[in-house]
Amino acid sequence: MNLSPRRSEEPDVNLTPMIDVVFLLLLFFMVSTSFVRESSLKVDLPEATGEAMVEQEQPVDIVIQADGQFLINDESLPVVSRELLSNVLKRIVGDRDDPHIIISADANAEYQHIVTAMDTAQQLGYTRLTLATRQTQQEKQ
């Protein structure tokens, strides 16, 4: 008869189920997360259906020519800079809250000029931007 006290074994912690749960949570969050980047510039892209847009107010037209010349409501800018573009836009818009701005750029204009015009308008708080397109010959027929 052995009356000596038994030695208790150290408790054994099994980490396998916990690791499985962590991997399942990781997999769940990876699958359910959207990786779409939202742009800070909100642009109202027109559909080239050939139908004219109905306007209640006079829009502000920004025309960018192939050589980089800017025209705002037929007023030519001598030098293209963000500050000058911002000042002219503020003056032309006046006291209107959120005017409709139509950007018409030549197909050969630098992309940077278009982005500059869009970014300047967005920084002034104008969110109603439209990029003008023209109807292709196939759609006209």
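Visitor: Which strands and which helix do the buried residues of H2 pack against?

Guide: This is a predicted model, where local features need pLDDT of at least 70, side-chain atom pairs count only at pLDDT 80 or more, and totals for chains, interfaces and linings use all residues. Residues are numbered from 1 along each chain as its sequence is written, and side-chain values use heavy atoms, with hydrogens and water left out. Helices (H or I, at least four residues) and strands (E, at least two) are DSSP runs, numbered from the N terminus. Contact means heavy atoms within 4.5 Å. Here the buried residues of H2 pack against strands S1 (60-64), S2 (70-72) and S3 (75-76), and against helix H3 (111-123).

Visitor: Which residues of H2 are buried?

Guide: An α-helix has 3.6 residues a turn, so residues three or four places apart point the same way. Buried means under 20% relative accessible area, exposed over 50%, partly exposed in between (1.4 Å probe, protein chains only). In H2 the buried set is Leu85, Ser86, Val88, Leu89, Ile92 and Val93.

Visitor: What span does H2 reach?

Guide: The expected span is 1.5 Å times one less than the number of residues. H2 (residues 82-93) has twelve residues and reaches 16 Å from first C-alpha to last, close to the expected 16 Å. Just after H2, Gly94 has a positive phi of about 70°.

Visitor: Where does Asn73 lie, and what is its phi?

Guide: Most residues other than glycine have a negative phi. Asn73 has a positive phi, near 50°. Asn73 sits in the loop between S2 and S3. Its relative accessible area is 33%, partly exposed.

Visitor: Is Asp74 buried or exposed?

Guide: Asp74 is exposed, at 74% relative accessible area. Asp74 lies in the loop between S2 and S3, with a positive phi near 65°.
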